[in-house]
Amino acid sequence: MNRSIFLVGPMGAGKSTIGKLLAAQLRLPFADSDKVLEEKAGADIPWIFDVEGEAGFRRRESEILQALCEGPVQVIATGGGIVLREENRRLLRKHGQVVYLQASIDQLLERTSKNSNRPLLQVANPRARIIELVEERDPLYREVADLVCETDHCTPKQAAVRVAERLMSASPAD
């Protein structure tokens, strides 16, 4: 691998979990852009949303992505909204191979339901919010993706193996 691998997709698709496994399989370093952002900010994402709003968070997210793009070749799990800014989509396409991890609404809801560290889901109807986010972002994920991998009916390890095989064969088919 001579280019970084960026994992994109909605919250709960498995980007961090699959990313760690994929990095180990490919013998590459792993970075989670949300974790890097929190470390650099010295605060967690809900606090950043509370104090700076979503706009402040997105600005910080773009700065972190730029820094990660300038770093070593690695597997990078991105935040679910990274594709919202055109500048981020350009960076993703320019600096690596982009894998869209896709999951059903039911799976996303199940995987995110016990995590209070997701400010965009602190609403009365999380299912409706997930549907809204997926409808808004799916075209953007597809725009940047070199390949799409469905994560519903497999373990994280199986998904990582599938992604690695497809990256090595450069086959965009699912």
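**Exercise 1. Work out whether Tyr 141 is buried or exposed.**

Tyr 141 has 1% relative accessibility, so it counts as buried (under 20% relative accessible area; exposed is over 50%, partly exposed in between, with a 1.4 Å probe and protein chains only). Tyr 100 comes out buried too, at 2%.

A quick word on the ground rules: this is a predicted model, where local features need pLDDT of at least 70, side-chain atom pairs count only at pLDDT 80 or more, and totals for chains, interfaces and linings use all residues. Residues are numbered from 1 along each chain as its sequence is written, and side-chain values use heavy atoms, with hydrogens and water left out.

**Exercise 2. Find how many aromatic pairs there are, and classify them.**

Start with the rule: rings of Phe, Tyr and Trp (its six-membered ring) pair if their centres lie within 6.5 Å; planes under 30 degrees apart are stacked, over 60 edge-to-face, the rest tilted. That gives two aromatic pairs.

Take Phe 49 and Phe 57: their ring centres sit 5.0 Å apart with planes at 35 degrees, so call this pair tilted. Both Phe 49 and Phe 57 are buried.

Now Tyr 100 and Tyr 141: 4.9 Å centre to centre and 40 degrees between planes, tilted again. This pair links distant parts of the chain, 41 residues apart, with Tyr 100 in strand E4 (residues 96-102) and Tyr 141 in helix H6 (residues 126-144). Helices (H or I, at least four residues) and strands (E, at least two) are DSSP runs, numbered from the N terminus.
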